[in-house]
Amino acid sequence: MSSSPSRTPLRVATLQRFSLLCVLTCACAWLTWHGRAGRWWLGGLGAAMLLGQYIMLLALETLLAARMHGTDPTPRPSARQRLQAWWAEVGWCSAVFGWRQPFQEHVLADDVAHRGRRGIVFVHGYCCNRGFWTPWFRLLRAAGVPYASVSLVPIFASIDDYAPQLDAAVRRLEAATGLPPVLVCHSMGGLVARAWWRWRRQSTPLTTDAAPAHRILTIGTPHTGTWLARWAQPLNARQMRQHSPWLQALAASESAPQRALFVCVYSHCDNIVFPPSTAALSGAHALHLDGLAHLQLAHDGRVQALALRLLDSTDLNDTITL
């Protein structure tokens with residue numbers, strides 16, 4: 001008896017296109033219903049609220065981040081900084097979740113054809129895909145830097161399950177360039193990189209001198225978890241709860257030389273990963289940027305410039321600045 005074919009995993013682009021269609025349909029139906037009754041103001045208000053859902057959700061996240069800052073050693077941002085970060089994130093959310101990820105996942109292919117020049121492997125975060133990195137792709141193409149990327153599936157799997165997918169991208173870029181790459185990881189992507197390193201070590205014994213990556217740059221990664229994940233139910237989200245058993249086991253598997261290859265960029269206005277210092281990894285280089293929200297942080301010009309500098313870094317003791 002033949003086995004049934006495995007199902008194709010639901011992709012982020014499909015899910016987000018469907019969500020956009022539902023929101024637009026509901027907004028149009030609400031506006032039409034009340035418009036026919038002469039209540040255009042009510043129809044317009046309801047439609048605007050449906051279309052502007054990111055505004056309300058991000059406002060709630062920003063308020064929670066402010067509330068939970070507590071005694072975190074990171075400097076507390078001013079109300080003005082939080083307000084500016086919230087409004088900037090509204091724009092980034094619209095661009096990322098309303099356009100790039102649903103419709104531009106494959107608009108720019110990976111570019112690995114640069115033998116002898118070190119490249120970058122991009123690892124996105126939770127409920128994202130490679131379309132998240134489109135501005136980075138354009139930057140690297142202009143600079144002649146090779147790159148590869150992943151769109152991790154299934155969406156709600158264990159973080160450990162993503163390790164083989166990342167490994168394939170790393171090996172593909174390294175085979176093309178002849179050099180181990182720099183990994184640039186946003187949010188959950190930084191945990192994917194750490195889980196991949198553990199998986200790689202278990203499947204292919206490594207020594208300190210044979211690290212599988214040149215450097216690993218994490219941007220807004222919940223290295224010790226995030227308070228916001230306490231209500232999450234998908235497995236990979238539960239793994240990102242503060243001090244979860246999975247995170248503790250991951251930390252216990254790591255060595256000091258491994259941690260020294262990490263550079264962690266974070267912000268006190270991050271609306272997803274908070275309290276802020278949860279995005280700093282003990283034993284790694286930690287760099288704080290004032291006043292940037294979660295998606296905004298990943299596209300800041302200073303972070304992009306840092307990634308390019310890491311391509312040529314050779315001494316782990318060098319001072320790393322933004």
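Mentor: Let's settle a word first: buried means under 20% relative accessible area, exposed means over 50%, and partly exposed is in between, with a 1.4 Å probe and protein chains only. The model is predicted, so local features need pLDDT of at least 70 and side-chain atom pairs count only at pLDDT 80 or more, while totals for chains, interfaces and linings use all residues. Residues are numbered from 1 along each chain as its sequence is written, and side-chain values use heavy atoms, leaving out hydrogens and water.

Trainee: Is Asp167 buried or exposed?

Mentor: Asp167 forms a salt bridge with Arg171, the closest N and O atoms being 2.7 Å apart; that term means a side-chain nitrogen of Lys or Arg within 4 Å of a carboxyl oxygen of Asp or Glu. Arg171 is partly exposed, at 39%. Asp167 has 6% relative accessibility, so Asp167 counts as buried.

Trainee: About how many helical turns separate Arg171 and Asp167?

Mentor: Both sit in helix α6 (residues 163–177); helices are DSSP runs of H or I with at least four residues, strands are E runs with at least two, and both are numbered from the N terminus. Arg171 and Asp167 are four residues apart, so the separation is about one helical turn.

Trainee: How many residues apart are Glu105 and Arg11?

Mentor: Glu105 and Arg11 form a salt bridge, with the closest N and O atoms 3.3 Å apart. Glu105 is in the loop between α4 and β1 (120–123), and Arg11 is in the segment before α1 (12–36). The pair links distant parts of the chain, 94 residues apart.

Trainee: Which side chain of opposite charge is nearest to Asp270?

Mentor: Asp270 lies in the loop between β5 (262–267) and β6 (285–289), and is buried yet has no salt bridge. For charge, Lys and Arg count as positive and Asp and Glu as negative, with His and the chain ends not counted. At 8.9 Å away, the nearest one is Arg82.

Trainee: Which side chain makes a polar contact with the side chain of Asp270?

Mentor: A polar contact is a pair of N or O atoms within 3.5 Å; within protein, one must be able to donate a hydrogen and the other to accept it, and residues adjacent in sequence count only if both atoms are side-chain atoms. For Asp270 the distance is 3.0 Å, and the partner is His294.

Trainee: Which side chain makes a polar contact with the side chain of Asp72?

Mentor: Asp72 is found in the loop between α3 (53–67) and α4. Asp72 is also buried without a salt bridge, with Arg76 8.8 Å away. Its polar contact, at 2.5 Å, is with Ser277.
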